[in-house]
Amino acid sequence: MSLDFDPSIDLSAARVVRLAGRDFYVAPLSLRQILAIADHVPKLSGITAENISGERLSPLAEVLWHGLRRAHPRLTRDEFFDLPIPLGELVAALPVVIEQAGGSKVAADAGE
């Protein structure tokens, strides 16, 4: 599994999120990554571990996977989707990815 971070990436501006009991880096996103998540982010406003649905879980997972790819470029979508990530960790990681994309926190408690 390709979970290790890319040592060539400058992690000085990266933030750490915990997923599947493991720490991952979320580096500032590239424009390509921001474009990949742009249509998903509005669907996630107000999301919490208590109100998550299948309709919102898929876009949440896509946003998080794209958010990890800058620092973990070898992490495949299939590998990410196979990780045993609890809902609370997914929701808690969302504001970090949004902020690393240059946005402000989504309107949610985000697991707080």
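Me: Start with a single residue. What is the relative accessible area of Asp 23?

Reply: Asp 23 has a relative accessible area of 45%, so it counts as partly exposed. The scale: buried is under 20%, exposed is over 50%, and partly exposed lies in between (1.4 Å probe, protein chains only).

Me: What should I know about the model itself?

Reply: This is a predicted model: local features need pLDDT of at least 70, side-chain atom pairs count only at pLDDT 80 or more, and totals for chains, interfaces and linings use all residues. Residues are numbered from 1 along each chain as its sequence is written, and side-chain values use heavy atoms, with hydrogens and water left out.

Me: Which side chain does Asp 23 meet in a salt bridge?

Reply: The general idea: side chains of opposite charge can pair when their charged atoms come close. The rule here asks for a side-chain nitrogen of Lys or Arg within 4 Å of a carboxyl oxygen of Asp or Glu. Asp 23 meets Arg 18, at 2.9 Å from N to O. Arg 18 is partly exposed, because its relative accessibility is 44%.

Me: In what order do the elements run?

Reply: From the N terminus on, β-β-α-α-α-α. That is four helices and two strands.

Me: How many salt bridges are there by the rule?

Reply: Three. One of them joins Glu 99 and Arg 15, with the closest N and O atoms 2.5 Å apart. Glu 99 lies in helix 4 and Arg 15 in strand 1, so the pair ties together parts 84 residues apart in sequence. Another joins Glu 62 and Arg 77, at 2.4 Å between the closest N and O atoms. Here Glu 62 is in helix 2 and Arg 77 in helix 3 (residues 77–81), 15 residues apart. Glu 62 is buried, because its relative accessible area is 12%. Arg 77 counts as partly exposed at 35%.

Me: How do I read the nonpolar core?

Reply: In soluble globular proteins, nonpolar side chains tend to be buried together. A core is a set of buried Ala, Val, Leu, Ile, Met, Phe, Trp, Tyr and Cys residues joined through side-chain atoms within 4.5 Å. The largest has 27 residues, and Val 17, Leu 19, Leu 60, Leu 68 and Phe 80 have the most contacts inside it. Two or more residues come from each of strand 1 (15–19), strand 2 (22–26), helix 2 (54–69) and helix 4 (87–100). Helix 4 gives the most, seven.

Me: Which residues does Leu 60 contact, leaving aside neighbours within four places in sequence?

Reply: Contact means heavy atoms within 4.5 Å. Leu 60 is in contact with Leu 44, Ile 47, Ile 52, Leu 90, Val 91 and Leu 94.

Me: What is the radius of gyration of the protein?

Reply: It is taken over C-alpha atoms; the globule rule is 2.2 Å times the number of residues to the power 0.38. For 112 residues, a compact globule would be near 13 Å; the protein has 13 Å, which agrees.
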